[in-house]
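Subject: Structure handover

Hello,

Here is the structure for your files. Please open it alongside this note.

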Amino acid sequence: MLADRIYDAVIVGAGVSGSFIANAFTQAGMKCVLLEAGRSFRSDQYPDNELDANALLYWGGGIELNKDASIGLLRPKAVGGGSIVNQALLDRFDDDAFDSWREASGVSFLTRADMDPWYDAASSQISIRTVPEEHANGNAVIFRDGFAANGYRCAPLERAQADCRFEDGNCCIECLRGCPIDSKQSTAVTVLPRARAAGLEIVSQFEALLVEPGDVVTVRGRDAGGAAAAYRGRRLILGAGAIGNSRLLLLSGLEKKLPALGHNFYTHPQYMSLAIYDEPVNAHRGPMQSYKSADPGFRANGFKLENVFAGPVGVAMLVPAFGAEHMRRMRSITHMGCIEVAVRDTNPGRVTVSSSGKPVIDKTLNDEDRRRRDRGLEAIRNIFRATGAREIIEGNVAIGLHLMGGCNMGVDAARSVVAPDFRLHGFDNIHAADSSVFPNAPGINPSFTIMAMSCRAADEIMRQAR
Ligand SMILES: Cc1cc2nc3c(=O)[nH]c(=O)nc-3n(C[C@H](O)[C@H](O)[C@H](O)COP(=O)(O)OP(=O)(O)OC[C@H]3O[C@@H](n4cnc5c(N)ncnc54)[C@H](O)[C@@H]3O)c2cc1C
């Protein structure tokens, strides 16, 4: 079914970027439709257990794998995208990240001074709080004390949250499957309700499969019942994320016009190490993380440490043993501390599509990436040892959950996909500003910069439209 209506903008992907751009356009009076493959949830409808959450909130039934099955990729799928399932840690990029982006892309506005007003614009739309240190749980204390004992530097965290009411026993680990108390500032509780009130149409469970460029762009796909449907707009905004945008444009046969399409894909591969302590740690209680690594030595060596945890299913996947030995370790789950190393990866991967239309991710670590990982794992061992761990279970499972690139921004149409004005090279009315436009891996949490880039893009695109 081809809708008669021609929208001012069709937006594909209701994640971080798609939601922010949809809100900015709608508030300015544009008629927009936001198409999202995942479902729409209210806070009382989020899955109440880990298995259902994996199946309902992620592509691939919970996890997708790269080509040689060495990295598990977590790709969110819901109205709100990654902001529904993520940890909501917000960081502005430092000079190092922007310098390397400018060098890779040739894009001059990628500086702290140029981007600061756009971070401010984004932060004016959500509540950002420092995680209160008085609620730090046992895992956070291990992190903080282990850093101090080794002379590493850490700092309190900033998070997109309103009031988590930790004094009532609320636990952040639950909001990895959607925040049940609407404290986490997902786009489903911030920009999207405002946009909807201003007239945004949101179509959930619509998977876009084909883009037909033209003065009026047509997006074809499948609706919730599996029926073919299409939407038309004067412009198209791609907000389907690094893998989603690359896949959609490849399915549309646009790689001939965009030779860099699908290249330059990064994931910040993360490895979680566990340690068993004699005393209870209760890493699942209260705020999941209270501190971040702020060590200049770690940054110079291309990694950061995060104080994370997972539900029992996730932890069971990380524990490398079978049968009775696996059970022995899992029985200690309340005595486990957990720290991960996230690598600022230097080896670009590539997204292609299989004959059945599925994304194929060719992504490996090179020697430098492995060196970065190993230095991070060594720092984690030092922290666990300094805080009295009885047993250390070294992380050997790579997870990619900062999925970036594939439609990298740059001035050179032969080596990039998106131009500095957020148009796809050679296409006047197709734009992107989400994680797919990242020129390389910044080594810093990406979502605040995605919000800032999206605020800037919305402003720029509206100027072009005028
Ligand atoms: C468990 C987890 C924890 C994280 N923690 C943090 C954190 O603390 N801080 C941080 O900065 N980042 C974090 N991230 C990463 C962050 O969430 C992402 O970088 C961010 O969401 C990417 O934003 P985006 O707009 O590019 O895409 P997304 O937010 O991923 O949105 C893309 C949307 O497009 C939809 N889509 C894809 N293809 C199609 C299609 N063909 N048709 C229709 N819709 C489609 C998807 O279903 C999805 O909803 C985390 C991620 C995960 C998984």
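Predicted model: local features only at pLDDT ≥ 70, side-chain atom pairs only at ≥ 80, totals over all residues.

Numbering runs from 1 along each chain as its sequence is written, and side-chain values use heavy atoms, without hydrogens or water.

Aromatic rings. The whole structure holds 15 aromatic pairs (rings of Phe, Tyr and Trp, the last by its six-membered ring, with centres within 6.5 Å; planes under 30 degrees apart are stacked, over 60 edge-to-face, the rest tilted). Phe109 and Phe422 have ring centres 6.0 Å apart and planes at 35°, so this pair is tilted. Phe109 sits in the loop between helix 4 (95-105) and helix 5 (112-123), and Phe422 in the loop between strand 21 (404-405) and strand 22 (430-432), so the pair ties together parts 313 residues apart in sequence. Helices (H or I, at least four residues) and strands (E, at least two) are DSSP runs, numbered from the N terminus. Phe109 and Phe422 are both buried (under 20% relative accessible area; exposed is over 50%, partly exposed in between; 1.4 Å probe, protein chains only). One aromatic cluster is formed by Phe143, Phe147, Tyr152, Phe298 and Phe303.

Surface residues. Phe322 counts as exposed, at 77% relative accessibility. Its place is the loop between helix 10 (312-318) and helix 11 (323-330). Glu167 lies in the loop between strand 7 (158-160) and helix 7 (191-197).

Best regards
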